[in-house]
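This report looks at a few residues and the strands around them. Please look through the sequence and the structure before reading on.

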Amino acid sequence: QVQLVESGGGLVQAGGSLRLSCAANGIIVSINDMGWYRQAPGAQRELVAAITSSGSTNYADSVKGRFTISRDNAKHTVYLQMNSLKPEDTAIYYCNAHLWRLGGRWNDYWGQGTQVTVSS
């Protein structure tokens, strides 16, 4: 079995910073793309940032210049550094990984979600 375990959410004032981490646990053969999504109350889940296995990145326009995604392939971990946070960044953040587990096949996995709340 594979699990994505997230950490790092919390409550922060506008203008502050948080760093999210997501580690893929299990017997993993390979990980392709990894990413962070978020879902605010009453809204659809949206892509925040994604990173390929070679390090190419993609960001939502609303977070460009404020958020940075990175990964440690040896640790099967993806990070999201969030700076200059705004109240509209408040949401549950989910990590996602497209990976191949031992004995399985390529598939998408999701973390349990971590709450990020930005107060004004």
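## Serine 21

Serine 21 is buried, with a relative accessible area of 17%. Buried means under 20% relative accessible area, exposed means over 50%, and partly exposed is in between (1.4 Å probe, protein chains only). Serine 21 belongs to strand β3, residues 18-25. Strands (E, at least two residues) and helices (H or I, at least four) are DSSP runs, numbered from the N terminus. Apart from neighbours within four places in sequence, serine 21 is in contact with Val5, Glu6, Ser7, Trp36, Val78 and Tyr79, where contact means heavy atoms within 4.5 Å.

## Basis of the model

This is a predicted model, in which local features need pLDDT of at least 70 and side-chain atom pairs count only at pLDDT 80 or more, while totals for chains, interfaces and linings use all residues. Residues are numbered from 1 along each chain as its sequence is written, and side-chain values use heavy atoms, with hydrogens and water left out.

## Arginine 38

Arginine 38 sits in strand β4, residues 28-39. Arginine 38 is buried, at 6% relative accessible area. Beyond residues up to four places away in sequence, arginine 38 touches several others, including Glu46, Phe67, Asp89 and Tyr93.

Two polar contacts involve the side chain of arginine 38: one of 3.0 Å with the side chain of aspartate 89, and one of 2.9 Å with the side chain of tyrosine 93. A polar contact is a pair of N or O atoms within 3.5 Å; within protein, one must be able to donate a hydrogen and the other to accept it, and residues adjacent in sequence count only if both atoms are side-chain atoms.

## Salt bridges

Side chains of opposite charge can pair when their charged atoms come close. The structure holds 4 salt bridges, each being a side-chain nitrogen of Lys or Arg within 4 Å of a carboxyl oxygen of Asp or Glu. One of them joins glutamate 46 and arginine 38, at 2.8 Å from N to O. Glutamate 46 is partly exposed, at 36% relative accessibility, whereas arginine 38 is buried. Another links lysine 64 to aspartate 61, with the closest N and O atoms 3.1 Å apart. Aspartate 61 is exposed, with a relative accessible area of 66%.

Arginine 66 and aspartate 89 also form a salt bridge, their closest N and O atoms being 2.8 Å apart. Arginine 66 lies in the loop between β6 and β7 (67-72) and aspartate 89 in the loop between β8 (77-82) and β9 (91-101), so the pair ties together parts that are 23 residues apart in sequence. Both arginine 66 and aspartate 89 are buried. Salt bridges with shared partners join Arg38, Glu46, Arg66 and Asp89 into one network.

## Strand pairing

Strands β4 and β5 pair in the antiparallel sense over 5 bridges; two strands pair if DSSP finds at least two bridges between them. Glutamate 46 in β5 is the bridge partner of arginine 38. The hairpin of β4 and β5 has 6 residues between the strands, and glycine 42 there takes a positive phi near 75°.

Strands β5 and β6 run antiparallel and are joined by 3 bridges. Alanine 49 stands opposite tyrosine 59 in β6. These two strands form a hairpin with 5 residues between them, and glycine 55 in the turn has a positive phi of about 100°.

## Serine 53

Where is serine 53 placed? Serine 53 is in the loop between β5 (46-51) and β6 (57-59). Serine 53 is partly exposed, with a relative accessible area of 38%.
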